[in-house]
Amino acid sequence: MDLSCQDWMSSLPEELWDIPLTSLAIPGSHDAMSYCLDINSPLVQSESDFFRLLDGLFYCFTRPAIFKWATTQDKSIEEQLSMGIRFFDLRIAHKPNDSSSNLYFTHVIYTHLMVLGTLSSVATWLESHPKEVVILACSHFEGLNNKLHQTFIFSLKKLFGSKLCPQKESGLTLRSLWASGFQVILSYDSQIAERYSELWPAIPYWWANQRTAQGVISYLDWNKELGRPEGFFVSGLNLTADRYYIIKNPKQSLRTLTFSNWECLSRWLQEQRPGSDPESINIIAGDFVGPLPLCSLVIALNQKLLRKTALR
């Protein structure tokens, strides 16, 4: 763990305290909670009937494959926070036939850990790091009806309280957030979010859906040429393998695929610039953010903003 990244926001030079958060380089965690997937849990409801049948017939083969390709992280959320991650991709679901209101995280299967207990750990961490700001991107919401949404949102408001930054706040900077005591930007990818001032809309995520570093980079560069979104947005450095590739490469895993492509991805990353220019980046999210030095590389990009400010 790089201890210098624990409080990297408060450690930024004062010249960057008034830069909008949408112009800073922010490290993010793709499928942040997949480190605690439950290999014995049901498949998520969105999986096809054919895949369910296959999983039922060949469980002893499908489950190890699912586990090693659905696992994108190997560090706890507290460890990720301490490593410098400030954007979390959180996929929320309610298990079928569960009479309780318990919610879990998902990526093909469900997690051991439940949502509110995990987010309580985030709130506790923030108490000890009062100048760090996190962006929690909640999405998918498989199996949630309107009542479960309302119960979950009520729990989120109770958990984070005055730390929640209202969506009406514009031009957010570290200095303005510190002055208001806001530490949590809560993105909620559902229409129900429109009813609540504490919830921000979905944050665009540039997902290449590619198996190679070259494919991911080409996709991200193509998006950059089209121009950046106005607010927060995520450039995903995460790779994806389809089922045909997985079947043909039984000794591979998402971890081996990610590590073998990392050198090329990291070279592209170090060439990027944060800021407000059309081709600038904002949030960079990746897999295996602990063993790979994503955080330190992304945080270091903010030094380019410092040099740009000095030239004015």
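**Notebook: inside and outside the model**

I started with Ser235, which is buried (under 20% relative accessible area, with over 50% counting as exposed and partly exposed in between; 1.4 Å probe, protein chains only), at a relative accessible area of 1%. This is a predicted model, so I kept in mind that local features need pLDDT of at least 70 and side-chain atom pairs pLDDT 80 or more, while totals for chains, interfaces and linings use all residues. Residues are numbered from 1 along each chain as its sequence is written, and side-chain values use heavy atoms, leaving out hydrogens and water.

Ser235 sits in strand β9 (residues 234-236); strands here are DSSP E runs of at least two residues, helices H or I runs of at least four, numbered from the N terminus. I then listed its contacts (heavy atoms within 4.5 Å). Beyond four places in sequence, Ser235 meets Trp206, Leu220, Ile281, Ile283, Ile284 and Ala285.

Next I looked up the nonpolar cores, sets of buried Ala, Val, Leu, Ile, Met, Phe, Trp, Tyr and Cys joined through side-chain atoms within 4.5 Å. The largest has 67 residues, and Leu90, Tyr188 and Leu269 have the most contacts inside it. Helix α10 (residues 254-270) gives the most to this core, 7 residues. I noted that Leu269 touches Leu237, Trp262, Ile284, Leu294, Leu297, Val298 and Leu301, leaving out residues up to four places away in sequence. Another core, of 29 residues, lies apart from the largest one and includes Ile135, Ala137, Leu177 and Val234.

Last, I turned to Leu53. Leu53 belongs to helix α2 and counts as exposed, at 52% relative accessibility.
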